[in-house]
Amino acid sequence: MNKRSVNINSLVLLLALLSLLLEIFIYYFIPQHYITVIVAAVISLALSHFFLETSLEYKSCLLHASFMTITTAGFCVIVYSMQPNEWIQYDYWTLCLVLINWLVPYIYCFVRDFADRGPRFDCFHFFFHGMSIIFILIYLLAIAKQFFITPYLPPFGFAEFGAHNFIPFMTTGSYFENAISLGIDLTPAIVYLIETVVFFIPFGFLARIYCRNVNLFSRVLAYLCFPLLLELLQYFTGLGRGDIDDYALALIGTLIGIAIYHIVYAVSYSFHKRDFLEDRTVTKKLLFHFGGSL
């Protein structure tokens, strides 16, 4: 590692530390925590642009995003473990702070690589896989919390017509019918359904990326088994819900994630005639199979 790289990395860590302290300061003193998230997004975007233009490689952006994501995740865990606390409050904006510190550099660097017609900046694929690893680690922690530590449950229980429901959406459909007839607000139920679907979109996207070199049967098995494993663990441990409706919603989210992968692949191939995960220095042509298989 040359002296210039050491200086850039030191600058990255210094500015990342200052931005972390600023975010914590704003979070503590301003009760409207969405303001902290907005400030974090602006700072993250500005620093990502500055680091990329200064170093001409995506590694500095990875270092910055890694530091901010991991430290804000630690901050989130600390604040959550302190509750209830009158001095500092935990809410979902705290989770958004972690997500925004990961998402903004990820999207920014992805767009820059996509728009770059030549190999001006180096190490995008190192950045992409590094960011994916960080996300997977945070995602696993989110799964543990969402499904087992403090399970996120719908505003309705199991159906009254049997010991357990094996027909997708029968419980949910029955609740919606009763809620409509009784004039009950459906917003909590709709939010639950949307959040459950959205939660599994990243799984579908990443599973399609990292299973891209395996056969179709193995890929489909992976798509089906991971959500099923989570539901079975909930059912047998008594933690969470463990219901067929949640499994169906998870599969919908997985399919959306797979569709997003294919859309990104198609757009990348139409503009650059290459897979968006392929190194720019690779000269071989890819056969375009979009729409052939999941």
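I looked up Leu56 and found it partly exposed, with a relative accessible area of 37% (partly exposed lies between buried, under 20%, and exposed, over 50%, with a 1.4 Å probe and protein chains only). Leu56 sits in the loop between helix 2 (33-55) and helix 3, and its phi is near 60°, a positive value in a residue other than glycine. I take helices as DSSP runs of H or I, at least four residues, numbered from the N terminus.

I noted that this is a predicted model, where local features need pLDDT of at least 70, side-chain atom pairs count only at pLDDT 80 or more, and totals for chains, interfaces and linings use all residues. Residues are numbered from 1 along each chain as its sequence is written, and side-chain values use heavy atoms, with hydrogens and water left out.

Next I turned to the loop between helix 3 (59-81) and helix 4, where Pro84 lies; a cis peptide bond joins Gln83 to Pro84, with omega about -5°.

I then followed helix 4 (residues 92-115) and helix 5 (residues 124-149), whose axes come within 11 Å and cross at roughly 155°; the axes are lines fitted to C-alpha atoms over the stretch in contact, with angles from 0 to 180 degrees between N-to-C directions. The two helices are therefore roughly antiparallel, the word for angles over 145 degrees.

Last, I searched the whole structure for disulfides, pairs of cysteine sulfur atoms within 2.5 Å, and found 0. Cys211 counts as buried at 18% relative accessibility, whereas Cys225 is partly exposed at 37%.

Technical notes. Angles under 35 degrees count as roughly parallel, over 145 as roughly antiparallel, 65 to 115 as roughly perpendicular and the rest as oblique.
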